[in-house]
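Below are my notes, point by point, to read with the structure open beside you.

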Amino acid sequence: MPKNMSRIALTMVALLAILCLAGCGAEKPKESADKAVLGWAEMYAYGVSDNESATGMTKAQSDQVSEKVIGDMLKAFSMFPLSQQNVEAMTTEYITKLQAAMEIKTKIKKDDAEHPVVEVSAAVIDHQGADKLAQTSEDLIALGVVLGQLRAQGFTDEQLKADADFQNAVMECVRSYVDEIPLKATQTFEVKCSADKGNDGKMYWVPEDPQALMNFITGM
């Protein structure tokens, strides 16, 4: 091969190597791993998150998570003699209280270029304590007694759900219960992340084991 051709070939190889390195650098997620994990954790805890865009979730994925998390809350409050409007209002109040009480925070534990580790801290719900509270709450017990008496008198659930005074009394009772739901002391959990390409073609940090993160943040 002539010397000038050899030099051209070497130059081309060098240029390709530089372009490859530049391309690899551009593939790194723009959002930090701790912000991405915060978005995942908040979605699992509340069904909504101001950091959702950092997760790389598609609309279908985020809708699925929201419908599951918020749907479970709606079902729980539907067990009380509340109108659908009040069930939805109570669910909104509950989410707001959870956001303030759980104090979900994230920070980079290991700043690795390929597999960063994020530490999540949160005060998660004590489900055993919540179940015990539901069985022993004087307000809930009293509500059960009154509800039984009203049904014995012939009042239907539809009538009770349309009665403003009864609904106000039930809302206050449920609020009292929600305010007393116990949380565990703040705990931490480490989340190992990997970069993955979203449907928009951009790269995002995602938990390698999202189920483990969900189990931690929901206290399961």
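1. Let me start with a charged pair. In this predicted model, Arg 151 and Asp 157 form a salt bridge, with their closest N and O atoms 3.0 Å apart. How accessible are Arg 151 and Asp 157? Arg 151 is partly exposed, at 43% relative accessibility, and Asp 157 also counts as partly exposed, at 29%.

2. A salt bridge within a helix comes next. Lys 68 and Asp 72 meet through their side chains at 2.5 Å, N to O. Both sit in helix α3, which covers residues 59-78, and because they are four residues apart there, about one helical turn separates them. Lys 68 is exposed, with 52% relative accessibility, while Asp 72 is partly exposed at 35%.

3. The next pair links two strands. Glu 119 and Lys 107 form a salt bridge in which the closest N and O atoms are 3.7 Å apart. Glu 119 belongs to strand β2 (residues 117-122) and Lys 107 to strand β1, so this pair ties together parts that are 12 residues apart in sequence. Is Glu 119 buried or exposed? Its relative accessible area is 14%, and because the cut-off for buried is under 20%, Glu 119 counts as buried. Lys 107, by contrast, is partly exposed at 47%.

4. Among the residues involved, Glu 93, Glu 172 and Arg 175 are joined in a network of salt bridges.

5. Please look at strand β4 (residues 203-207) as well. Five of its five residues are buried, so the strand is largely enclosed by the rest of the structure. Met 203, Trp 205 and Pro 207 point one way from β4, whereas Tyr 204 and Val 206 point the other way. The residues on both sides are buried.

6. What does β4 pair with? Its partner is strand β3 (residues 187-197), which runs antiparallel to β4 and is joined to it by five bridges. One of the residues to check here is Lys 197, whose bridge partner in β4 is Met 203. Five residues lie between the two strands of this hairpin, and Gly 201 takes a positive phi near 85 degrees.

7. Now for helix α4, which spans residues 84-102 and includes Asn 86. Asn 86 is buried, at 17% relative accessibility. Which residues does Asn 86 contact, once its neighbours within four places in sequence are left aside? They are Gln 167 and Met 171.

8. Gln 99 is also in helix α4, and it is partly exposed, with a relative accessible area of 37%. Not counting residues up to four places away in sequence, Gln 99 touches Tyr 46 and Val 48. The C-alpha atoms of Gln 99 and Glu 42 are separated by 8.4 Å, although these residues are 57 residues apart along the chain.

9. Finally, a backbone angle to look at. Glu 103 has a positive phi of about 50 degrees, although this residue is not a glycine. Where does Glu 103 lie? Its place is the loop between α4 and β1, the latter covering residues 105-110. Glu 103 is partly exposed, with a relative accessible area of 48%.

How values were computed:
Residues are numbered from 1 along each chain as its sequence is written. This is a predicted model: local features need pLDDT of at least 70, side-chain atom pairs count only at pLDDT 80 or more; totals for chains, interfaces and linings use all residues. Side-chain values use heavy atoms; hydrogens and water are left out. Buried means under 20% relative accessible area, exposed over 50%, partly exposed in between (1.4 Å probe, protein chains only). Contact means heavy atoms within 4.5 Å. Two strands pair if DSSP finds at least two bridges between them. A salt bridge is a side-chain nitrogen of Lys or Arg within 4 Å of a carboxyl oxygen of Asp or Glu.
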